[in-house]
Amino acid sequence: MQLKWFHVRDFQSIRDGGRITVSDITCLVGKNEAGKSALLKALYKLSPVVAAEGNFDVTTDYPRMDVEDYRHAVETGKRKVAVPIEACYELDIIEINAIAELFGESCITDREIVFSKNYSNKSTYTFRADTQKGLEHLIQQADLSEQTREALKGAAMTVDGLTPVLQAQEQTTEVTRLLGVVAEIEKHSLSGYIFVHILKPRKPKYLYFDEYYQMTGHENIEALMQREAANPSQLKPSDHPLLGLIRLARLKLPELINPASTIELKSKLARPIRESAAFGPD
């Protein structure tokens with residue numbers, strides 16, 4: 001999925017940054033202290049490579065002049081918890097094909113998914129899918145016996161309509177699989193099933209670095225492993241972008257010490273530098 005726009009509100013110096021449209025290359029231009037870094041930091045917290053840096057804190061992140069009024073309003077129920085970041089992504093062809101293989105492309109009513117996170121650090125998403133069309137495709141493509149298909153002809157293409165009919169059939173591997181999928185759809189909805197199994201694992205991760213988080217010219221990997229294992233909160237500022245790039249390369253620190261192939265290792269490390277959404281100094 002690819003970021004299309006994001007919206008920052010009530011974060012540090014930003015009251016309302018408006019909807020910022022994003023394309024393949026996006027540049028933020030403005031005076032010093034205009035809020036450029038604040039916009040990127042809010043977006044970073046939505047899905048950071050360093051998970052420990054993903055939490056919003058009212059004391060340090062909410063606009064200082066209004067923070068106590070905000071706390072009081074939330075505590076007394078006069079307002080809801082503020083949502084500092086909201087971001088919209090467009091599904092790519094791989095994700096669309098993965099959904100279509102299970103539930104058919106016609107079940108996709110919107111090729112966008114919107115993520116948000118509030119000051120309680122609760123993450124939410126909005127994604128729409130047509131349950132009836134999805135179930136129709138699921139049943140149509142299933143490897144079922146003629147007897148089971150005949151029984152399903154009169155069933156409504158809903159969770160409540162399919163479940164008792166499938167339960168009454170011979171419990172083949174395929175019928176059992178379908179019952180499992182339908183049960184999950186009943187629990188989470190079709191859009192929820194698609195999110196958990198297809199979209200959530202592909203949610204983009206962000207790497208943020210600036211003059212305070214720049215990598216050193218060289219690093220002792222064994223010492224870095226010891227720092228991370230001892231107390232991740234005590235990592236040096238320069239450790240974070242390095243760990244982020246390593247994770248984006250789908251590598252683990254021990255693999256850097258005794259790699260089976262240095263050529264393969266260099267290729268993996270080059271990928272996140274070339275393709276990742278990495279935010280640098282403004």
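Visitor: In which loop is Gln 12 found?

Guide: Gln 12 sits in the loop between β1 (2-11) and β2 (14-21), strands being DSSP runs of E with at least two residues and helices runs of H or I with at least four, numbered from the N terminus. This is a predicted model, in which local features need pLDDT of at least 70 and side-chain atom pairs count only at pLDDT 80 or more, while totals for chains, interfaces and linings use all residues. Residues are numbered from 1 along each chain as its sequence is written, and side-chain values use heavy atoms, with hydrogens and water left out.

Visitor: Why does Gln 12 count as partly exposed?

Guide: Buried means under 20% relative accessible area, exposed over 50%, and partly exposed in between (1.4 Å probe, protein chains only). Gln 12 has 30% relative accessibility, so it counts as partly exposed. Its phi is near 50°, a positive value in a residue other than glycine.

Visitor: What makes Ser 189 partly exposed?

Guide: Its relative accessible area is 30%, and therefore Ser 189 is partly exposed. Ser 189 lies in the loop between α8 (173-188) and α9, and its phi is near 80°, again positive in a residue other than glycine.

Visitor: Why is α4 called oblique to α9?

Guide: The axes of α4 (residues 93-103) and α9 (residues 190-199) come within 11 Å and cross at roughly 125°. Axes are lines fitted to C-alpha atoms, for helices over the stretch in contact, and angles run from 0 to 180 degrees between N-to-C directions. Under 35 degrees is roughly parallel, over 145 roughly antiparallel, 65 to 115 roughly perpendicular, and the rest oblique. That is why α4 is oblique to α9.

Visitor: Which residues make the contact of α4 with α9?

Guide: From α4 they are Glu 95, Ala 98, Ile 99, Leu 102 and Phe 103, and from α9 Leu 190, Tyr 193, Ile 194, Ile 198 and Leu 199, where contact means heavy atoms within 4.5 Å.

Visitor: How do you know that α9 is mostly covered?

Guide: Eight of the ten residues of α9 are buried, among them Gly 192 and Phe 195. What covers them includes α4, β4 (112-117), β5 (123-126), α5 (131-141) and α8.

Visitor: Which residues have the most contacts inside the largest nonpolar core?

Guide: They are Phe 6, Tyr 89, Ile 99, Phe 103, Ile 113, Ile 194 and Leu 199, in a core of 62 residues. Such a core is a set of buried Ala, Val, Leu, Ile, Met, Phe, Trp, Tyr and Cys residues joined through side-chain atoms within 4.5 Å. Helix α1 (residues 36-46) gives the most to this core, with seven residues.
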